[in-house]
Amino acid sequence: MCGIVGYVGPGSTLDVLLGGLKRLEYRGYDSAGVSVIDQDAGLQTRKRAGKLSVLVEDLEESPITDAHIGIGHTRWATHGAPTDTNAHPHLGGEHLKLSLIHNGIIENFSELKTELQEAGVKFSSETDSEVAAHLVAREYEKTGDLTAAFRAVVNRLMGAFTLLCIHEDHKDLVLAARRNSPLVIGLGEGENFLGSDVAAFVAHTKRAVSVGQDQLVELRQDAVKVTTFSGEEVTPEEFTVDWDASAASKGGWPSFMAKEIADQPQAVGDTLMGRLASDGSVKLSEFAGLDRLSEVNRITIIACGTAAYAGEVAKYAIEKWAKIPTSVELAHEFRYRDPIIDEQTLVIAISQSGETMDTLMAVRYAKERGAKVLSICNTQGATLARESDATIYTHAGPEVAVASTKAFTAQITAGQLVALSLAWQRGAMDKDHLKELGLELLKLPRMVKQVLESVERMRELGKELKDAKSVLFLGRNVGFPIAMEGALKLKELAYIHAEGFAAGELKHGPIALIEPGQPVIVVVPSPNGEDSLHPKVVSNIQEIKARGAKVIAIAEEGDSAVGKSADEVFFVPQTHPFMAAQLAVLPLQIFALELASAKGLDVDQPRNLAKSVTVE
Ligand code: F6R
């Protein structure tokens with residue numbers, strides 16, 4: 001939540017800042033602002049409530065002088081409504097020469113604010129962040145040492161923060177600090193960058209360094225120094241960003257979401273690449289980071305939202321193939337009870353951003369109790385990857401639309417690779433059978449493409465149902481988390497009531513919601529294979545049809561039974577029942593996208609949401 005960018009170098013600072021903020025806007029979009037320091041004009045700040053475009057237009061109408069150092073912020077409000085004054089940067093000091101931006105929540109801001117007010121400081125905003133600006137400025141006015149002042153203040157703050165700060169007296173220094181919030185450095189030639197994630201600067205450099213917990217950065221045009229909050233110098237590890245800057249642009253699509261849905265054949269293919277041999281055998285070199293894997297007797301998958309639904313699909317595969325008891329835990333619930341976690345527990349944390357605070361806190365909790373942590377993450381340099389024993393990157397590329405699509409199908413794919421690999425290592429299944437499953441997985445990118453080429457009717461249905469008050473989703477087995485995901489996409493994008501249910505639960509209560517005309521989307525399992533739940537789900541369809549529901553079924557090609565009961569059937573290719581998850585979700589994504597677009601809503605930046613939830 002909140003996007004942060006900083007720059008020092010010979011280029012146009014406003015271009016770097018506004019370009020970076022554009023790519024970080026998914027982190028929050030209720031206000032935006034920039035500060036730059038010009039040699040002659042000094043510190044100049046402009047900030048506006050509303051999306052970044054409001055700030056950009058304002059700067060076009062009444063420009064500020066461009067400069068060679070600056071900071072920029074895009075906000076998701078926590079303390080104080082989204083107004084011009086609450087927007088960042090915040091200024092501090094007697095002559096307002098210091099500018100500061102913040103991502104996170106300063107938990108002890110109220111005591112600090114009282115202390116400052118008692119000393120006569122006047123506040124212009126209702127934010128928690130402004131206290132940090134005043135504190136640093138006052139400390140600096142006492143000592144004349146900006147870095148020492150900044151260090152002293154960050155040591156007093158509690159909670160979660162990434163702070164960036166510049167001061168008019170220092171035209172070659174951006175200070176930054178992080179605790180429990182993300183921060184990455186971009187290393188350029190004669191210029192350097194800071195960002196909430198690499199998307200902020202990937203258009204300028206691919207050399208990056210992720211900043212560790214409780215570390216402070218002094219960023220200059222030709223030097224970067226990282227120290228701990230207590231002052232010891234550290235040598236952070238550099239990595240090369242494998243995202244292409246063009247991947248974070250719409251590339252002619254009407255929205256990022258439309259583009260990211262279309263990216264899925266590649267996202268799934270790139271996640272499989274190098275991990276599955278052509279004979280179907282799986283090799284996850286990432287497992288080398290996990291010692292004593294053979295002793296693991298329980299797996300706990302930790303995630304939030306869409307990532308947790310991907311975890312649910314992984315659970316079916318891990319239990320079936322690797323035969324390890326597995327549970328999925330919502331990260332924010334997990335650590336507030338007494339979960340049973342020990343050295344024989346493998347925690348699998350799933351996160352697109354790798355910065356979700358709830359997931360990070362749950363991982364830390366599990367690590368303290370001796371668990372090994374494997375993460376499935378999409379963002380290089382993310383905190384989650386730093387804090388895990390091993391990381392499997394989903395190579396979905398930057399996901400800019402707030403609602404997750406391609407990261408989800410890539411996460412499911414990574415989960416299936418983990419399940420196959422664990423089964424292989426533990427000898428839980430016959431290797432030839434595992435290779436057959438691997439070969440099926442290899443077919444997925446092509447099947448995903450095929451489904452996306454045939455979604456026209458789903459688009460029409462989205463438009464036709466634009467005035468629906470509520471849509472229900474049903475599924476069983478891996479179809480259940482897919483139903484939940486379909487409902488979540490609709491809530492997020494179209495702001496209409498949507499619920500996903502396990503079809504078997506219907507008669508235990510939810511069937512009371514069915515009335516004539518109620519749209520219900522049913523993810524129907526394959527009719528093939530032993531233990532198929534297909535007949536049971538078809539019976540459920542008949543039960544709701546008898547009560548007047550309008551049923552749209554997502555079914556496997558060749559399923560002749562379902563067409564007799566449902567009003568509409570959307571067919572997906574035949575595959576293994578678990579891998580059908582990546583196919584069945586595609587029409588649901590399209591349905592939500594089209595319905596929301598037909599209502600005239602912004603599908604990339606739905607109201608009240610931010611992509612990366614970096615506060616609890
Ligand atoms: C929904 C969505 C969210 C995220 C959740 C976790 O479309 O995107 O539910 O899945 O906030 O985010 P990450 O995966 O970044 O931890």
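Which element gives the largest share of the shell around the ligand? The points below take up that question and then turn to helix packing and the backbone.

1. This is a predicted model, in which local features need pLDDT of at least 70 and side-chain atom pairs count only at pLDDT 80 or more, while totals for chains, interfaces and linings use all residues. Residues are numbered from 1 along each chain as its sequence is written, and side-chain values use heavy atoms, with hydrogens and water left out.

2. The largest share of the shell around the ligand, 3 residues, comes from H8. The elements that give two or more residues to this shell are helix H8 (305-322) and helix H16 (479-494), where helices (H or I, at least four residues) and strands (E, at least two) are DSSP runs numbered from the N terminus. Of the 13 residues around the ligand, those that come nearest are Ser351, Gln352, Ser353, Thr356 and Glu492; a residue is near a molecule if one of its heavy atoms lies within 4 Å of it. By class the shell has 4 nonpolar, 7 polar and 2 charged residues, with Ala, Val, Leu, Ile, Met, Phe, Trp, Tyr, Cys and Pro counted as nonpolar, Asp, Glu, Lys and Arg as charged, and the others, Gly among them, as polar.

3. Oxygen atoms of the ligand lie 2.6 Å from a polar side-chain atom of Ser351, 2.6 Å from a polar side-chain atom of Ser353, and 2.9 Å from a backbone N or O atom of Ser404. The protein covers 89% of the 410 Å² of accessible area that the ligand has on its own, such areas coming from the Shrake-Rupley method with a 1.4 Å probe.

4. The axes of helix H7 (residues 264-272) and helix H14 (residues 444-452) come within 8 Å and cross at roughly 175 degrees, which makes H7 roughly antiparallel to H14 (a term for angles over 145 degrees). Gln264, Pro265, Val268, Gly269 and Leu272 of H7 make the contact with Leu444, Pro445, Val448, Lys449 and Leu452 of H14, contact meaning heavy atoms within 4.5 Å. These residues divide into 7 nonpolar, 2 polar and 1 charged.

5. Helix H12 (residues 406-426) packs against helix H19 (residues 580-598) at an angle of about 170 degrees, with the axes 10 Å apart, and the two are therefore roughly antiparallel to each other. On the H12 side Phe408, Thr409, Ile412, Thr413 and Gln416 meet Ala581, Gln582, Val585 and Leu586 in H19. By class, this contact has 5 nonpolar, 4 polar and no charged residues.

6. Two backbone features deserve a look. His88 and Pro89 are joined by a cis peptide bond, with omega about 0 degrees, and Pro89 is found in the loop between strand E4 (69-75) and strand E5 (90-92). Asp214, although not a glycine, has a positive phi of about 55 degrees, and its place is in the loop between strand E11 (207-210) and strand E12 (215-219).

Conventions
Polar contact = N/O pair within 3.5 Å; in protein donor to acceptor, adjacent residues only side chain to side chain. Axes fitted to C-alpha atoms, helices over the stretch in contact; angles between N-to-C directions. Parallel < 35°, antiparallel > 145°, perpendicular 65-115°, else oblique.
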